[in-house]
Amino acid sequence: MTGAVFLELCHVHKTFGSFQALRGIDWDVREGEIHCLVGENGCGKSTLIKAVSGVHAPDPGGDIRIGGRNVLPLDPMRARALGIQVVFQDLALFPNLSVAENIAFDANLGRGFSPRAAIRRKAKEILSRLGHDLPLECPVDALSIAERQIVAIARGLAGEARLIFMDEPTASLTRAEVRRLLDLVRKLSAEGIAIVFVSHRLDEVSAIAERITVMRDGRMVGTYAASGLDQRTLIHLMTGIEIATHHAPRDCSARPALLETRQLTRKGEYENVSITLHEGEVLGLTGLLGAGRTEFALSLFGMTRPDSGTLLVHGRECRFRTNQDALAAGLAYVSEDRLNLGINAEQSIVDNLDIAVLPRLANRFGTITDRARVQLAEDWVARLNIKVNSVQDAINTLSGGNQQRVILARWLASHPKILILDSPTVGVDIKNKEGIYALIRELSAQGVGILVISDEMIELFATCDRILHMRNGRIAGDYSPAHITEQALEAQIYA
Amino acid sequence: MSENLPVTGNKTGHSASMTDLAAPFRRLFPARVSGQALAALALAIGFSLIVPGFFSLGSMRSMMFQLPQLGLLALAMAIPMMSGGLNLAIIAIANACGLAMVTVLGHLPLAGHGTGYVGFCIVIVLMVGAVLGTALGGVTGWLIVRTKVHPILVTLGIMSIVEGTSIWLTRGEVVSGLPALYGQIGNASLAQIPLAFLAFLAVAGVVHLLLQHTAFGISIRMIGSNALATRYSAVDVDRVTIRIYALSGFLCFCAACLMLARFNSASAAYAKSYLLVTVLAAVLGGVDPNGGFGRVTGLVLAMIMLQLIATGFNLLGFSDYLTLAIWGLVLIGVACAQSMVKKRR
Amino acid sequence: MPDFATLRSRPEFWLAGVIVILCAALSLSTPSFLSLSNFVDLTESYAVQAIMATGLFVVLIAGGIDISFAATASVAQYVAALLATHYGLSPFLVIPAGLVVGTGLGFLNAALIHYARVNSIIITIATMNVYFALLMYATGGHSIYNLPEWWSERVTFLQFETSGGDLIRITLPIVVMVVSLLLCWVLLTLSRTGRQLYAMGGNAEAARRIGLNISKLQFFAYGFAGFMAALAGLVQANRVGEAVPNALYGTELSVLSAAVLGGASLLGGVGTIGGITLGILLLAIIQNGLNLLDISPYCFEIITGAIILASTTLTALSVQSRKRSRLVEEAPIPEQAHV
């Protein structure tokens with residue numbers, strides 16, 4: 001287990017403008033080990049990977065050593081020549097090129113004719129070494145996500161890897177695919193290739209790692225032997241705080257139902273989902289990614305149409321054609337993908353905040369004054385305690401947590417009766433997380449029915465009155481947080 | 001996680017009372033736009049110093065006659081650009097409107113009738129043109145929404161079809177036959193200011209109001225910066241997109257009205273060289289070619305700048321082509337300067 | 001092995017189908033269509049556009065766009081013509097000089113796009129106006145008619161008579177076009193640089209991370225487009241026997257249409273040289289067919305527009321339906337079979 005040290009970082013700093021992404025990192029990876037790197041979003045994991053792989057140059061003063069020799073300055077080519085390969089979270093593949101070319105793209109560097117036969121041969125060899133069979137001439141954008149992952153790993157191996165970083169490789173995989181991936185990681189490690197596995201799924205981390213390094217706020221918290229850590233401790237190390245306040249779940253079943261679905265089905269996404277959300281209730285919806293949670297929520301919000309089943313709001317049957325219908329019926333939906341589906345990054349806070357309620361701001365002439373817009377924005381900024389210089393600043397000047405609050409304000413400004421929060425604290429720092437939990441409780445006290453979609457146990461237990469477990473598009477369980485522990489529920493989900 | 005990098009916002013350090021006083025002005029003319037205003041002013045002063053007669057009433061009036069046409073077409077181009085698109089069909093639509101109006105007017109028995117009757121007919125024909133322009137734009141928008149094909153390609157196709165139809169129906173010839181009244185109104189002046197210029201200002205004012213102070217206008221820029229997020233924010237992106245191109249088509253009609261007055265005729269080939277110049281004008285006016293940003297005030301100032309350059313060089317005896325080259329160079333210069341400023345930040 | 005399903009999803013397949021049907025229809029209605037001489041004629045009339053299209057195609061593959069190529073061609077053509085007539089230089093100096101001018105203007109585009117980081121469509125619209133306007137200003141719009149003989153003379157590589165008695169001439173424009181298409185195919189499909197261009201067009205960020213030299217590739221792509229434009233300009237002068245400064249002005253969008261018809265994506269990384277060839281062929285056949293059928297040539301634009309809309313729409317819709325079916329495949333694999 002204890003091979004020689006392969007990669008070593010000494011006092012590595014990295015600053016972007018005034019933001020310190022890495023603050024004095026001292027870290028090492030040994031040959032052939034499986035090393036997990038964990039930490040909250042924005043803690044510097046990705047920056048660390050980019051520094052080691054030569055994408056970002058670290059600030060002067062630190063060392064990156066490979067085999068004991070300082071290798072700075074690094075560029076991507078040199079890092080790969082030294083045996084460091086990265087499987088990026090976005091995979092960084094060429095969607096228009098074939099599987100073979102993606103795997104053995106290095107053969108296309110430089111000038112002259114492209115060695116097509118050699119590329120095919122190499123790709124075939126690597127894939128068989130991985131034990132996978134993919135159509136070599138197929139363009140990558142025709143593959144599934146799991147298959148693309150294999151291509152990305154194969155590309156790493158083609159470059160004679162000695163250390164492979166895998167940045168959140170399991171984020172969009174199904175359970176079976178994850179299991180296959182973890183087997184592959186063990187196989188590579190047995191061949192003497194070190195793997196640094198970045199993940200936020202703690203069950204995977206515990207299942208696979210030999211050593212675990214925890215990062216927080218751009219610093220190393222420490223490196224631990226995997227055997228000596230339980231998940232609670234790990235969370236504590238990652239966040240620095242214990243979310244102690246366990247919410248006392250209430251029984252809301254006697255209250256009037258706000259939202260009810262009966263046998264709602266959309267083929268290939270979810271099947272026969274029947275849920276009831278009562279007034280003032282916080283209902284959790286958990287399950288693996290791809291279990292149909294988000295797809296179900298999108299249908300509730302009128303973004304997609306169910307094939308069959310009924311949806312009732314305030315006891316009346318609704319068929320939403322668009323999300324404007326859903327908004328008019330008192331629904332609001334905060335997407336999990338804040339960057340792509342939430343914010344309009346370069347636009348101002350005002351623009352982002354009032355976009356959903358613009359028609360309601362019009363005066364009797366049908367126009368919207370700047371004053372009315374700014375006032376609304378400043379109101380909500382104050383109410384949700386959003387830290388801003390000016391509401392006219394672009395929203396991407398805010399931290400992730402404050403961005404999320406602006407998005408929450410966007411929907412709260414519409415005075416929803418039913419609020420759907422899809423992974424509401426992704427990329428939000430711990431302090432803002434607690435603030436958002438408090439807000440959820442406050443809203444539910446005002447009678448708003450809230451559906452929280454999440455795979456973070458802490459989040460669910462801190463806010464929910466009832467938790468539904470979704471699996472393969474169906475509701476597989478209905479639990480009260482009072483009668484099940486976090487561990488037991490997690491075991492159910494990852495079973 | 002680059003999205004989490006807290007970038008420090010620019011801190012505004014002036015006192016509260018100053019802010020309040022200047023606020024309405026700054027809203028209308030934010031930093032970028034006031035830069036353009038300064039540039040326009042500098043150009044005006046520069047030309048009046050080196051070009052004798054630059055500041056004469058005559059040259060001012062000729063500028064005001066020339067500017068509105070390109071100005072309206074640039075508006076028609078700018079609005080789709082703000083939404084992240086492009087409308088290559090604007091000239092074709094404007095010419096189609098002009099041809100339709102002339103043809104209809106030519107077939108009406110106007111000779112021997114009084115001014116009132118002729119005026120009534122002109123109004124009716126204007127309505128025909130407006131409906132045609134808006135409808136052509138609307139169809140363009142509908143196609144973009146339904147096919148999800150890049151607007152460049154859809155509008156390229158529409159351009160070919162509309163222009164081709166115009167050429168086919170007219171055999172490529174110039175069509176004239178406007179009643180004299182039309183030209184009289186179109187070339188009239190109010191207190192020495194050409195009516196066309198006033199009409200341009202009025203249209204620009206209405207478009208400004210639409211863009212800045214209605215849900216429709218604000219949504220345009222939101223769609224330009226992130227269409228998907230805007231759709232998730234319960235904005236009917238499809239309907240807004242159709243309206244964007246319909247409005248663009250309507251502005252083409254407005255431009256067609258002015259072109260009719262100016263040339264006293266219509267043709268499928270008029271103003272073709274303006275097509276790509278409108279893109280330059282829009283970008284110079286602060287419209288982000290990738291969508292999301294742009295104001296009417298900036299565009300109007302850019303038009304004034306371009307017109308000052310054109311008239312100044314014309315008076316200096318330079319050819320139109322040199323003016324065109326200088327417009328292009330100005331745009332390249334501005335674009336480079338902007339990217340350098342961005343880099344330094 | 002490419003099965004029918006993958007074949008069906010390629011625009012080349014549909015284009016070829018449309019061309020075959022069109023040819024069949026035209027040869028039934030006009031006997032003169034399906035003759036070798038007619039085919040050679042229509043090829044020659046589109047050779048210049050085809051040469052420019054190869055340059056534009058390389059830029060499109062690299063993820064950019066170039067609107068300035070026709071202006072570049074005109075400038076290069078005129079400069080070369082000036083050198084040949086005014087200074088009486090030999091072809092061995094004039095031709096390279098023209099090509100160097102074109103390549104240089106392409107490099108200028110690349111420099112502006114790469115260093116000023118402005119949208120390529122905006123920059124090339126601007127440079128198009130600058131190149132063209134300066135050319136018109138400098139020349140006063142005057143054509144050069146007295147090209148030296150080596151240039152204006154029709155160069156015939158192959159000449160024969162068909163059994164029907166038609167004289168077939170394979171002339172310089174056709175040969176240059178074929179060589180350009182071949183060169184472009186070799187470059188993009190067989191060479192490493194070509195594969196790098198595809199990669200950059202497919203995912204520029206991934207290309208940067210893998211260590212490709214983005215600036216070099218961009219200079220290559222725009223320089224190549226400028227080179228091809230200059231070549232087209234020189235060939236065009238040979239075809240018409242004079243150098244007219246605004247002869248090529250206005251062909252930008254029709255060449256772009258041909259490229260798009262041939263399946264090149266404006267988003268980069270997608271398209272084949274075969275597709276481009278078919279796209280140009282389609283436009284040439286339509287124009288030729290309209291001539292032969294004695295339909296008003298004014299209809300040509302309408303039909304071109306309709307075909308652009310139809311083909312891009314069909315391609316987009318087929319891509320969308322493919323995506324949807326893939327989404328279903330990506331639905332989670334049930335671990336235990338559920339009833």
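Q: In this predicted model, which exposed residues does the face of α4(A) turned away from its buried side carry?
A: Helix α4 of chain A covers residues 116–130. In this helix A:Ile119, A:Ala123, A:Ile126 and A:Leu127 are buried. The face turned away from that buried side carries exposed residues, namely A:Ala117, A:Ala118 and A:Ser128.

Q: Within what arc do the buried residues of α4(A) fall, seen down its axis?
A: The cover over the buried residues of α4(A) includes α3 (99–103) and α5 (145–158) of chain A. The buried residues line one face of the helix, because seen down the axis they fall within an arc of 100°.

Q: How far does α4(A) reach from its first C-alpha to its last?
A: The helix has 15 residues, and at 1.5 Å a residue a reach of 21 Å is expected. The reach in the model is close to that expectation, at 21 Å.

Q: Which residue just after α4(A) takes a positive phi?
A: Helix α4(A) spans residues 116–130. Just after α4(A), a positive phi of about 75° is taken by A:Gly131.

Q: How many of the eight residues of helix α1 of chain A are buried?
A: The buried residues of α1(A) include A:Lys45 and A:Lys50 as well as A:Leu48, A:Ile49 and A:Val52. A:Ser46, A:Thr47 and A:Ala51 are buried too. Helix α1(A), residues 45–52, is therefore largely enclosed by the rest of the structure, the count of buried residues being eight of the eight.

Q: Is A:Asp465 buried or exposed?
A: A:Asp465 lies in the loop between α17 (457–463) and β20 (466–471) of chain A. Not counting residues up to four places away in sequence, A:Asp465 touches A:Pro249, A:Arg250, A:Cys252, A:Glu281, A:Val282 and A:Leu283. The cut-off for burial is 20 or more other C-beta atoms within 10 Å. A:Asp465 has 22 such atoms within 10 Å, so it is buried.

Q: Which residues is C:Met52 in contact with, leaving aside its neighbours within four places in sequence?
A: C:Met52 belongs to the largest nonpolar core. With those neighbours left aside, its contacts are C:Phe69, C:Ala70, C:Ala73, C:Met228, C:Ala229, C:Ala232 and C:Val255.

Q: Which helix gives the most to the side of chain C that touches chain B?
A: On this side, 36 residues of chain C are in contact with 41 residues of chain B. Helices α5 (91–116), α6 (120–139), α12 (252–261) and α14 (299–330) of chain C each supply at least two residues. The residues of chain C divide into 24 nonpolar, ten polar and two charged. The most, 13 residues, comes from α14(C).

Q: What percentage of the residues in chain B is buried?
A: The secondary structure of chain B comes to 14 helices and four strands. Of the 345 residues in chain B, the buried part is 50%.

Methods:
Residues numbered from 1 in each chain as written. Chains lettered and ligands numbered in written order. Predicted model: local features only at pLDDT ≥ 70, side-chain atom pairs only at ≥ 80, totals over all residues. Core = buried A, V, L, I, M, F, W, Y, C linked by C-beta atoms within 7 Å. Buried ≥ 20, exposed ≤ 12 C-beta atoms within 10 Å, placed from the backbone. Contact = placed C-beta atoms within 7 Å. Nonpolar A, V, L, I, M, F, W, Y, C, P; charged D, E, K, R; others polar. Expected span 1.5 Å × (residues − 1). Arc of directions from axis to C-beta.
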